[in-house]
Amino acid sequence: MLKTKGLGLGAMVVLGALATAAFAQEKPVAGEVKEGSLKGKTLTLVSYGGIYQDGQAAALKDFVEKSGVTLLNDGPTEIAKLQAQVESGNVTWDVVDTADLPPYVYCGKLFQKLDFSKLDISKVPEGQVGECSVPAMNYGVVLMYNTEKYKDNPPKDWADFFNTEKFPGVRGLDGSGDPTGGLLEQALKASGGDPKAMTVADIDKAIDVIRKLGPDTIYWKTGAESQQLAESGEADMLMMWTGRAMTAVKNGAKYTPAWQDWLVVMDQMTIPVGVKDTDAAYALLNAYLGKQAQEILAQQTSYTPINNEAQPKVDDSVAAFLTNTPEREKQGYKQNIKFWVENFPVAQEKWSALMAGN
Amino acid sequence: MSASEPTSQPAGGRPAGAWKPFALTLPALVLLAAVIGYPLLTIVLRSLSEPEWGVQNYAWFFGAPVNLTVLQRTFTISAWVTLVCIVSAYPYAYLMTAVGPRVRLVLVLCVLIPFWVSGVVRTLSWVILLQDSGVINSLLRSVGFSGVRLIRTQTGVVIGMAQVLLPFMILPLYSVMKGIDLRLMRAAESLGARPSRAFFTVYLPLSLPGVYAGAIIVFILALGFYITPALLGGPRSTMLSTLVQSQVLSLLQWGRGGAMGVVLLAATFLLLALAAPVMRSRHREAGRR
């Protein structure tokens, strides 16, 4: 009995060692790539340009040097362009950084269903990997308010943002394109609705709440514009991306964030349908998810890394806007992705009517 | 070559080499067919065939009030821009014909240098000028006026667009005006016309072809403006191109985007067709006088 047990244990250890050995060969490790494995190959990374894409390129520098791949940068990401490439069967974008929802909306159509045996997603924060995407980075949409205007009675959450009686002043919202699901959910909540049981009719209710903010409301078109609105003090309360909020504060804007229910947002990394060398694209993604790559990305861009072990060295002003601390994680509000994926066209239509002054 | 040699044109017939000038336009025609004709055709076809064959995209366009509001607004804003351009370009172009060559060069450069600067840069400078804490408002406040809201209003959009489009008005105006014989004005005055009378009955009618040419170019360019209204305007000054953009780029509704483009094109043609007889008769009238 004892003998057999010992034998069994020994066998298990041997088997286990064998299995680990086999795994070590097969299973990818985030951030690692075989020396010279992509020599002579070319990959095109598509993203949103600016310091963000520069940061991504810096994060991938090690991957490029080790694998021998030639990395080209293109952008900005436009789903319509990608669609044209996929339809014409001539896909030149190998890895595409997209906004939150498109990988869910066009999963399997424009974006490949990912084979997770080729990626190490063990360090990616929970709930962020989709069928067709891994996160590119995290950031937040945060309520920033003018400290000089509101002094001792500052707004605390989005309900206050939508309450123009208690908190008079000019509001600035993201009008750069697509609706922000989380914001509409917060607007619905402010009008007494329940975002968890959201229906299509509720989209109208939520948009009405925003419309009632009045004709003075500013819909900024670019992140830079939102930053400029804070620095010039033109808006009293602003819905802002954390990266821009940080820069505005660094530049002396007298604004401070109200973190309650900040909206969790991420960019996604995807591989389009029909890319010429899928394995090379996987290799890039896998390298991108690595600890060191994510640290470099965070240091260069101030966006929150998506590797749980990443510990970027950032100064206090950047650290104040990183969204992966336990406190921030508790305060964050996650949108109802399923609802917005199902109702994306309807929401977009209603939102663009609001944006067109109706 | 002697004078007695018969000309290549037999009396009453077509000149033998008449096709030659047309042949010379062939490269241009091929280019136009490739870069305008083909894409236009594709747009029309897609507007009728996506997601399925039929007029659903047009039905959608005319069924949604927001589209009609924005279409009307697009024409209103373009008309205002054209008007502002005419009023500000006319004296400028006149001055260009009246001054010496050196000053004219300076005036031409003043028109062309902004023309060479990217539209985005110019529009962003307008943001700096027009915003609530911007140059214009600070100036107004420093002399005791209360500030006016310019940015994110229709006024702001019209100002910005008019500045971008001004060269397209000045240049055709100038090219017509420099052909007007200024002695005609003196002749009119010597016949007893006051300067204003001489201007309105002689000079203005002769310069109208330039006004029409400039107005048409400015108006049509204004209809398709995208960057300026997007950056200087707010929801109440959204133009059709922005809606097209959101249909095509965010919703991938190429059919709807195509239908919007076709409607805009058709509306433009309709307007030009209506305006053409007016312009032609005025032109003839001017010729008669």
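A: Happy to. Let's begin with A:Gln85, which sits in helix 4 (residues 79–88) of chain A; helices here are DSSP runs of H or I with at least four residues, strands are E runs of at least two, and both are numbered from the N terminus. This is a predicted model, in which local features need pLDDT of at least 70 and side-chain atom pairs count only at pLDDT 80 or more, while totals for chains, interfaces and linings use all residues. Residues are numbered from 1 along each chain as its sequence is written, and chains are lettered from A and ligands numbered from 1 in the order in which they are written.

A:Gln85 counts as partly exposed because it has 19 C-beta neighbours inside 10 Å; a residue is buried with 20 or more other C-beta atoms within 10 Å of its own, exposed with 12 or fewer, and partly exposed in between, with C-beta atoms placed from the backbone. Leaving aside residues up to four places away in sequence, A:Gln85 touches A:Asn90, A:Val91, A:Thr92 and A:Trp93, where contact requires C-beta atoms, placed from the backbone, to lie within 7 Å. A:Val273 is 188 residues from A:Gln85 in sequence, yet their C-alpha atoms are 9.5 Å apart in space.

Now for the chain around this residue. Chain A has 17 helices and eight strands, and 47% of its 358 residues count as buried. Among its contacts with a separation of 6 or more, 74% join residues 24 or more positions apart. Along the principal axes, the C-alpha atoms of chain A fill a box of roughly 75 × 55 × 40 Å.

Chain A is also divided into domain 1 (35–138 + 267–317) and domain 2 (139–264 + 325–335), with bounds from an automatic or database domain assignment. The contact between them takes eight residues from domain 1 of chain A and seven from domain 2 of chain A. Taken over C-alpha atoms, the centres of these two domains are 29 Å apart.

Finally, there is the partner chain: 21 residues of chain B are in contact with 21 residues of chain A. On the chain B side, helix 3 (65–98), helix 10 (227–232) and helix 11 (240–250) are the elements that give two or more residues. Helix 11 of chain B gives the most, with five residues.

Key
Contact = placed C-beta atoms within 7 Å.
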